[in-house]
Amino acid sequence: MSITLSMIKTFYVEETDSTNDYLRRYTPADDEEMTVVWTDFQQKGRGQGSNSWESEAGKNLTFSILIHPHDILARDQYIISMAVAVTMHRFLSRELSKEVYIKWPNDIYVGDFKIGGILIENRLGGEHIKDCVIGIGLNVNQQVFTSDAPNPISMCQTEGREWDREEVLSQLLDEFVWQMEHFRIDKIREKYRSRLYRREGFYPYRDAEGDFEAELVTVEDDGHLVLRDTSGRERRYAFKEVTFLI
């Protein structure tokens, strides 16, 4: 999968329902390989499932990317989530002084605190992905969080200074295009797994059976999380089937 910089359209809207929904309604020109929309405020910012995304107007980055990865099979669609997570990890690891992690399935963490999230929606065409909308929320300059989210943090809180949001967006997009130009499924999976939150040691979790401690075994190619509890039993989870206790 390769994207040419000259075939990217980026535009700003002051406010919208959600940038993912905006791009789902959008019809790109024939020569647009990638379309990006970013906004100061989402009226209905969404995370995975029923989750919402808190973002103070004008303080953070909320944007979505539309791509058309016709060469990726539907069964391999989680590779896009992996590639986006690796992109964000690579950028933030350069910019921040603290350790950055990828938390399964769709969050970016600084230490034990959430700094970003990803929401990907695919449209299939036969056995392949036809269109992909990638929603990204990144806490940039917000300093006070008022929702019941347990552990948010921003780049500003981490480093003690404010950031130019347009410059952050530009650098993230450059990083994403680089990942697409050098796209190799095996390398993306390797990088993703090596940067996982809690990749070593035993930690507390909760599933339908109750609380338990386990170590992370892997994230499978299709996106399932595999844990091994203290009795040696392996447990395999889809999204929302297990909670990280932090």
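Buried means under 20% relative accessible area, exposed over 50%, and partly exposed in between (1.4 Å probe, protein chains only). This is a predicted model, in which local features need pLDDT of at least 70 and side-chain atom pairs count only at pLDDT 80 or more, while totals for chains, interfaces and linings use all residues. Residues are numbered from 1 along each chain as its sequence is written, and side-chain values use heavy atoms, with hydrogens and water left out.

**View A. Asparagine 60 in the loop between β2 (34-42) and β3 (61-67).** Helices (H or I, at least four residues) and strands (E, at least two) are DSSP runs, numbered from the N terminus. Asparagine 60 has a relative accessible area of 2% and is therefore buried. Its side chain reaches the backbone nitrogen of valine 140 at 2.9 Å. This is a polar contact (a pair of N or O atoms within 3.5 Å; within protein, one must be able to donate a hydrogen and the other to accept it, and residues adjacent in sequence count only if both atoms are side-chain atoms). The C-alpha atoms of asparagine 60 and aspartate 164 are separated by 9.8 Å, although these residues are 104 residues apart along the chain.

**View B. Asparagine 151 in the loop between β7 (128-138) and α3 (155-159).** Asparagine 151 counts as buried because its relative accessibility is 10%. The side chain of asparagine 151 reaches the backbone oxygen of aspartate 112 at 3.0 Å. Leaving aside residues up to four places away in sequence, asparagine 151 touches Tyr109, Asp112, Phe113, Lys114 and Ile246; contact means heavy atoms within 4.5 Å.

**View C. An open sheet of seven strands.** The strand order is β1-β2-β3-β7-β6-β5-β4, and the pairing is mixed. Two strands pair if DSSP finds at least two bridges between them. β1 (8-16) and β4 stand at the edges with a single partner strand each, so one side of each has no neighbour in the sheet. From one strand to the next, the twist averages 20°. Axes are lines fitted to C-alpha atoms, for helices over the stretch in contact, and angles run from 0 to 180 degrees between N-to-C directions. β3 and β7 run antiparallel and are joined by seven bridges; isoleucine 65 has isoleucine 134 in β7 as its bridge partner. α2 lies across β4, β5 (107-110), β6 (113-125) and β7, at about 150° to β6.

**View D. The buried residues of helix α5 (residues 185-194).** Ile188, Arg189 and Tyr192 are buried. They lie on the same side of α5 because they cover an arc of only 95° around the axis; the arc is that of the directions from the helix axis to the C-beta atoms. An α-helix has 3.6 residues a turn, so residues three or four places apart point the same way. Among the elements covering the buried residues of α5 are α2 (78-95), β4 (100-103), α4 (165-181) and β9 (210-219).

View E. A salt bridge is a side-chain nitrogen of Lys or Arg within 4 Å of a carboxyl oxygen of Asp or Glu. Arginine 189 is in α5 and aspartate 76 in the loop between β3 and α2, 113 residues apart. In the salt bridge of aspartate 221 with arginine 193, the closest N and O atoms are 2.6 Å apart.
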